[in-house]
Amino acid sequence: PLRTEIEQNFTGASASVDRRSQHSEIQLSARRSTRIPSLYERYGDRGLMLGNDDLAAETADNLSLDITLFDARSEANIVVFYRKTYDTIVPVYDSRGVGRYENSSDASMTGLESTLRHNIQVAGITFEPSLSAAHYTSELDSDIRAFDGKQLPGIYHDRYLASVTAYFDRKSIQHSLGLDVEVAGNLYLDSGNNNRGDIRRSIDLIYRAQLKTWSASVQVNNLLNNQFKDFSNRPVAGRQVYLSAQWQF
């Protein structure tokens, strides 16, 4: 059936029309939203990012088309969107590498995002591989000539992610082991597009065991200890290992 939804709250308003069938769903939506500057953007962080208490809220108009195709074992999702932002909040860095967030006049972005998931069972083990890709184009519309027509800073405009998770039961314990491989690039760190960011290459690994009353997990981020600057213009942390446990009683 055809369905229309309209929602209103303090962040803005949205409207959507969707069409559903046994193996597909198509949704066309429009949304206006307002983003209040965060405390980090307004007050900085230990001198690495200077504060800017004059930041105005960022307003965005979004139009998106979301298409999902699925069956019992697979799902494919494609999203195409156009976004227009006003008083866009962007980071600006000086020659020392110290930055602050400022309002650019306007900005526009067009994006294509796609994800493919599948489910496979082999010898009592369930594998869930997935592939994701995203590509964005953006343009600043600024009163400052050095910024006008440039790409939005602080955003990876190309991103690819491959992951697989395996689920299996042994002796009443549920196990899961997941591997994520991410590559992202086409990033600028300043509004003038003079400082190009590094390509992000990261491999993450997570293992989890769960029984009725307890669970434990081990997560390794940046498994190969790759070094690169992220969108904040600072090197990311190297290999990180997290251990966690939970017991319910």
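**Reading burial and ring pairs**

Modeller: Start with Y101, which is buried at a relative accessible area of 14%; buried means under 20%, exposed over 50% and partly exposed in between (1.4 Å probe, protein chains only). This is a predicted model: local features need pLDDT of at least 70, side-chain atom pairs pLDDT 80 or more, while totals for chains, interfaces and linings use all residues. Numbering runs from 1 along each chain as its sequence is written, and side-chain values use heavy atoms, without hydrogens or water.

Colleague: How many aromatic pairs are there?

Modeller: Phe, Tyr or Trp (six-membered ring) rings pair with centres within 6.5 Å; planes under 30 degrees apart are stacked, over 60 edge-to-face, the rest tilted. That gives two pairs here. Y40 and Y101 sit edge-to-face, with centres 6.0 Å apart and planes at 65°. Y40 lies in helix α1 (residues 39-43) and Y101 in strand β7 (residues 99-118), so 61 residues separate these partners; helices (H or I, at least four residues) and strands (E, at least two) are DSSP runs numbered from the N terminus.

Colleague: And which rings form the tilted pair?

Modeller: F81 and Y136, because their planes meet at 50°, with centres 5.9 Å apart. F81 belongs to β6 (residues 74-93) and Y136 to β9 (residues 125-141), 55 residues away. Both are buried.

Colleague: How many residues make up the largest nonpolar core?

Modeller: Ten, including F81, Y136, M109 and F147. A core joins buried Ala, Val, Leu, Ile, Met, Phe, Trp, Tyr and Cys through side-chain atoms within 4.5 Å. β6, β7 and β9 each supply at least two of its residues. Y101 belongs to a second, separate core of nine residues, which also includes Y93, Y156 and L187.
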